[in-house]
Each structure stands twice: as structure tokens, then as C-alpha cells.
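Hi,

Here is the structure I promised to pass on to you.

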Amino acid sequence: MNLYERYVLPRLIDLAMRTKATQAERARAIPLAAGTVLEVGIGSGLNLPFYGSAVERHYGVDPRRELWTLARKRIERAPCPVEFIQASAERIPMGDGSIDTVVMTWTLCSIPDVGRALLEMKRVLKPGGQLIVIEHGLAPDPRIVTWQERLNPA
Ligand SMILES: C[S@@+](CC[C@H](N)C(=O)[O-])C[C@H]1O[C@@H](n2cnc3c(N)ncnc32)[C@H](O)[C@@H]1O
């Protein structure tokens with residue numbers, strides 16, 4: 001990894017993901033999270049200030065530890081214990097049915113094997129668990145999509 005990737009890029013991503021518009025979408029979606037939360041592609045932890053007291057435990061998965069190092073202050077102020085796991089969404093090192101809420105914000109477009117990553121999220125979610133996604137792309141509601149129905153069809 002070169003100096004740009006290690007020191008410059010993480011700060012640029014942190015800055016780019018901290019706009020008024022992204023913060024407004026976070027404020028709308030993230031308070032819906034509850035129980036044991038897995039955040040896929042946690043980046044610099046910009047969602048952490050938006051979690052409420054319904055969250056008991058939070059795990060953040062991301063292959064890039066450099067981004068995570070920018071999250072220190074947000075972790076200190078989080079309403080629950082927060083743990084970083086360096087891993088890729090296509091192989092989540094967590095047990096089957098161990099998660100109440102999966103959160104993924106502006107991450108799907110960065111994951112090489114989207115299908116495999118979604119299957120992993122389904123695997124770790126408890127039956128009836130929720131998936132909160134914010135993504136830029138076509139969807140019935142392009143701001144918040146909960147894929148509980150798609151992942152757990154009746
Ligand atoms: C545009 S940033 C969004 C960060 C954060 N979710 C947010 O809302 O600010 C995309 C994130 O996806 C992460 N990412 C890239 N490839 C990934 C993968 N295979 N599995 C999980 N996360 C990945 C990046 O490291 C980065 O943190």
C-alpha cells in the first residue's frame with residue numbers, strides 16, 4: 001500500500017461521506033437499528049453517532065483498517081460497545097443467525113462479488129432480522145431499502 005492509499009485516500013473518503021445530504025440520510029435510517037448490529041463496510045464510522053439505545057452491541061466489518069483509524073472519537077461516544085473486524089463482506093467471520101440488524105451504507109458498489117456478500121448477510125442475520133441499506137442506485141425508495149422481505153420470503 002502506498003502513502004496516498006494509507007494517509008490521503010482514507011481522509012478523502014471520510015470527508016466525501018460527511019456531506020449534509022449523507023448525514024441527513026444517516027439520521028433517517030440508522031436509528032432503526034436494534035440489538036446486535038453488524039455494519040458492513042463501516043469505513044470511518046460515520047454512522048456511529050446515529051445509533052440509538054436499542055443497539056446492544058456493534059460490529060464493524062471492513063477490509064480497510066486505515067479508514068477505521070479515523071473513527072476513534074466516534075467509537076468513544078458510541079452508545080454501545082463497538083468492535084472492528086478486518087474482513088470482506090463476501091466472507092463475514094460471524095456465526096449463522098447471530099445478528100439482529102445488518103447496516104450497509106454506500107458500500108455495495110465497492111464490493112466485488114455483490115451476490116456472495118448478500119448471501120453472507122442473509123446467513124448471519126437471525127430469522128426476522130433487518131437489513132438497512134442506503135445506496136445510490138435504482139430502488140422503490142432510493143434512500144432506504146429494507147430487504148427483509150427479499151431475504152426472508154414468506
Ligand atoms: C464509500 S465508503 C462508505 C463507508 C461507510 N459505509 C459510510 O457510510 O461512510 C465504502 C466502504 O466500503 C468498504 N469496502 C470496500 N470493499 C469492501 C468489501 N469487500 N467488504 C466490505 N467493505 C468493503 C470500503 O473500505 C469503505 O469503507
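**Around the ligand**

Nineteen is the count to start from: of the 19 residues around the ligand, R26, G41, D62, S88 and T105 come nearest, where a residue is near a molecule if one of its heavy atoms lies within 4 Å of it. Please keep in mind that this is a predicted model, in which local features need pLDDT of at least 70 and side-chain atom pairs count only at pLDDT 80 or more, while totals for chains, interfaces and linings use all residues. Residues are numbered from 1 along each chain as its sequence is written, and side-chain values use heavy atoms, with hydrogens and water left out.

In D62, a side-chain N or O atom is 2.6 Å from an oxygen atom of the ligand. For R26, the distance from a side-chain N or O atom to a ligand oxygen is 2.8 Å. S88 places a polar side-chain atom 2.8 Å from a nitrogen atom of the ligand. On its own the ligand has 590 Å² of accessible area, and the protein covers 90% of that; such areas come from the Shrake-Rupley method with a 1.4 Å probe, and for residues only the protein chains shown count as cover.

**The loop between strands 1 and 2**

Y51 sits in the loop between strand 1 (35-40) and strand 2 (55-62). Helices (H or I, at least four residues) and strands (E, at least two) are DSSP runs, numbered from the N terminus. Is Y51 buried or exposed? Its relative accessibility is 6%, so Y51 counts as buried (buried is under 20% relative accessible area, exposed over 50%, partly exposed in between, with a 1.4 Å probe and protein chains only).

Y51 touches I30, A33, V37, E39, H58, P79 and V103, with residues up to four places away in sequence not counted; contact means heavy atoms within 4.5 Å. With E39, the side chain of Y51 makes a polar contact of 2.6 Å (a pair of N or O atoms within 3.5 Å; within protein, one must be able to donate a hydrogen and the other to accept it, and residues adjacent in sequence count only if both atoms are side-chain atoms). From C-alpha to C-alpha, Y51 and R26 are 9.4 Å apart in space and 25 residues apart in sequence.

N47 lies in the loop between strand 1 and strand 2 and, at 1% relative accessibility, counts as buried. Leaving aside neighbours within four places in sequence, N47 is in contact with R26, I30, E39, V103 and T105.

**W106**

W106 belongs to the loop between strand 4 (99-105) and helix 5 (114-124). Its phi is near 50°, a positive value in a residue other than glycine. W106 is buried, with a relative accessible area of 15%.

**The protein overall**

The protein has six helices and six strands, and from the N terminus on its elements run α-α-β-β-α-α-β-β-α-β-β-α. Of its 154 residues, 46% are buried. Among contacts between residues at least 6 apart in sequence, 64% join residues at least 24 apart. The accessible surface comes to about 8400 Å², and 56% of it belongs to carbon and sulfur atoms.

Best wishes
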